[in-house]
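Below are some notes on the model for discussion.

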Amino acid sequence: MTSFAARTSVPADDRAAPGVPHTASIPRHVAIIMDGNGRWAKARRLPRIAGHRQGVEAVRNIARAAREQGVEALTLYAFSSENWRRPEQEIGDLMGLLRHFLKSEIDELHREGVRLRILGNYQALQPDLVKLIEGAVVRTATNTGPILAIALNYGAQAELVAAARRLAERVAAGMPVSAIDEAAIDRELDTHDLPPLDLMIRTSGEQRLSNFLLWQAAYAELLFVDTLWPDFDGAALAEAIAAYGRRQRRFGGL
């Protein structure tokens with residue numbers, strides 16, 4: 001699949017101005033695989049934690065830009081179930097940055113009317129972090145603005161297994177097997193109360209989904225950009241939304 005970086009030859013008057021979507025065709029739900037923090041730091045001869053810190057700044061900027069550009073739901077892949085394989089020191093640094101983000105950003109998110117949602121088995125994290133997460137979710141639960149969903153200790157395959165088990169339990173309790181359809185599975189997923197996924201972006205040039213929203217991405221538009229996550233800003237998001245607006249979504253039709 002062609003990366004977004006290879007499409008930058010579009011005419012200048014056909015490009016979105018920084019912070020301004022190209023068309024009125026705005027994706028309701030955007031998901032981002034935030035990749036490239038380590039390479040960003042390595043290119044500057046900095047420790048990996050410096051890249052992760054700059055990545056948190058990018059989260060702040062993109063969360064704000066998504067609201068300004070009319071995105072209804074933004075889902076960010078912050079920590080996968082496979083990330084536990086990383087060195088213990090790096091995991092500790094990432095969890096520390098998550099704590100700092102929740103403490104420093106929740107007031108602004110609440111003022112902006114944002115609803116915070118968490119995908120994945122966050123309950124497996126350290127108790128103090130679980131308490132922070134649940135407090136932030138409860139605090140923003142009645143807000144009526146856009147949704148910021150953060151995937152923590154998330155894996156799409158595990159999500160689908162859990163959904164299958166819950167449906168199997170319901171069948172054992174008397175639900176007819178014929179009641180299991182796409183909608184029934186969708187209701188069991190972590191994203192059951194989010195809009196359908198329209199656009200998935202992965203930064204850093206890698207072109208894979210890495211066990212992220214596999215069911216939800218069935219008909220999402222995929223965009224792979226060369227920009228490293230710490231450098232992905234509001235203008236880059238506007239370009240991605242513009243590219244989405246130029247695509248024709250057929251959903252299997254003509």
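1. What volume does the largest pocket have? The largest pocket comes to about 730 Å³. A pocket here is an open set of points on a 1 Å grid over the protein atoms alone, where a 1.4 Å probe fits and protein lies on both sides within 12 Å along at least five of seven lines. Its volume is the space filled by probe spheres set on the points, which are joined across faces, edges and corners.

2. This is a predicted model, in which local features need pLDDT of at least 70 and side-chain atom pairs count only at pLDDT 80 or more, while totals for chains, interfaces and linings use all residues. Residues are numbered from 1 along each chain as its sequence is written, and side-chain values use heavy atoms, with hydrogens and water left out.

3. The largest pocket has 30 lining residues (those with an atom within 4 Å of a point); M34, N37, Y77, A78 and F79 lie nearest its centre. Two or more lining residues come from each of α1 (37-43), α2 (48-68), β2 (73-80), α3 (88-111) and β4 (147-154). By type, the lining holds 16 nonpolar, eight polar and six charged residues.

4. The second largest pocket holds about 290 Å³. It is lined by 17 residues, with D186, P196, L197, W215 and Q216 closest to its centre. Helix α6 (residues 182-187) gives the most to this lining, three residues. The lining of the second largest pocket divides into ten nonpolar, three polar and four charged residues.

5. The protein chain has seven helices and six strands, taken as DSSP runs (H or I, at least four residues, for helices; E, at least two, for strands) numbered from the N terminus. Along the sequence the pattern is β-α-α-β-α-β-α-β-α-α-β-β-α. The radius of gyration is 19 Å, close to the 18 Å that the globule rule gives for 254 residues, so the chain is as compact as a globular protein of that length. The radius is taken over C-alpha atoms, and the rule is 2.2 Å times the number of residues to the power 0.38.

6. Of the 254 residues in the protein chain, 47% are buried (under 20% relative accessible area; exposed is over 50%, partly exposed in between, with a 1.4 Å probe and protein chains only).

7. Q123 sits in the loop between β3 (115-119) and α4 (127-140). Is Q123 buried or partly exposed? Q123 is partly exposed, at a relative accessible area of 46%.

How values were computed:
Nonpolar A, V, L, I, M, F, W, Y, C, P; charged D, E, K, R; others polar.
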